[in-house]
Amino acid sequence: MTRGTIRSRVEYYLDRADLRALIYGWIEDARLDVALKGNFHYLYTEACANTVASSATYSLPSDFLGHEMVWCNNKKLARMTAREFDELTETDSKSTALPRNLVIEDGSTVSQTVNAGPPDYYVDRGMNIELYPTPDAAYVMRIKYYAQPTAWTTTDTSQDANYDYITTFHPEVIIWGASLRGAIYLDDDTKVQKFEGAYGNAIQEMLRKEKDFALEDQHPRMKSWRDYDLTTFKRLTRVNT
């Protein structure tokens, strides 16, 4: 379903064709809200950048929604919790500290004597990531993540032919999401109650269908250490250090 058709439906449900510019904004709000409800394959993308020597912190892309995976020079970095990362870097920064080794795979050992070099680990700091060891040179860093949907920003009919995965397969979610926002704007309690229920039901139906799609496309795969955070990995392998 195109944006123009969705806008027409929302105008009908609100009985307010004079709110067209606002309705376009409500459609955008609903698209972003829906994107936060699940991991949709059409939003999975990749960004690349080069590290800078002696710089450990890097900003995530401005359209970042979550679930990043990070590579440096084609090596996938192990994600750490903030506590694990801070304990590791604090230990390594003290010359008098006992050696602390975290071995995940061959060639991926960090100890107190290694504070700079090709990164092995990263930690999520909100809209930034921090690498360890601190890069000692320029490395190609790739980040795979879920992004915000491409915005349809115009408030006229020039983008009414636009459509995406959600508006094609789950248009009712956007229709009810935008209608609910319109009802709140109009302070229409009756319509708010009606649209709120319809929106919630549409989201549940969308998530059910997406789960079915994922199961149909699923292939057996053996898990590896990359599927676990370090705390879980150490617990499963009974590593206490």
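Predicted model: local features only at pLDDT ≥ 70, side-chain atom pairs only at ≥ 80, totals over all residues.
Residues are numbered from 1 along each chain as its sequence is written, and side-chain values use heavy atoms, with hydrogens and water left out.

The chain has seven helices and ten strands; these are DSSP runs numbered from the N terminus, with at least four residues (H or I) for a helix and at least two (E) for a strand. Of the 241 residues in the chain, 41% are buried, a term that means under 20% relative accessible area with a 1.4 Å probe and protein chains only. Among contacts between residues at least 6 apart in sequence, 68% join residues at least 24 apart, where contact means heavy atoms within 4.5 Å.

Two packed helices are described by the angle between their axes and the distance between the axes. Axes are lines fitted to C-alpha atoms, for helices over the stretch in contact, and angles run from 0 to 180 degrees between N-to-C directions. Helix H1 (residues 3-14) packs against H2 at an angle of about 115°, and their axes are 10 Å apart. H1 and H2 are therefore roughly perpendicular to each other, the term for angles of 65 to 115 degrees. In this contact, Arg3, Ile6, Arg7, Val10, Glu11 and Leu14 of H1 meet Arg20, Ile23, Tyr24, Trp26 and Ile27 of H2. By class, the contact of H1 with H2 has seven nonpolar, no polar and four charged residues; Ala, Val, Leu, Ile, Met, Phe, Trp, Tyr, Cys and Pro count as nonpolar, Asp, Glu, Lys and Arg as charged, and the others, Gly among them, as polar.

Helix H2 (residues 20-35) also packs with helix H5 (residues 171-186), at an angle of about 125° and with axes 8 Å apart. The contact of H2 with H5 has nine nonpolar, two polar and four charged residues.

The strands include an open sheet of four, in the order S1-S10-S3-S4, with antiparallel pairing; two strands pair if DSSP finds at least two bridges between them. Strands S1 (44-50) and S4 (75-76) stand at the edges, each with a single partner strand, so one side of each is left without a neighbour in the sheet. S4 pairs with strand S3 (residues 64-72) in the antiparallel sense over two bridges, and cysteine 72 stands opposite lysine 75 in S4.

Definitions and conventions
Parallel < 35°, antiparallel > 145°, perpendicular 65-115°, else oblique. Buried < 20%, exposed > 50% of the residue type's maximum accessible area, 1.4 Å probe, protein only.
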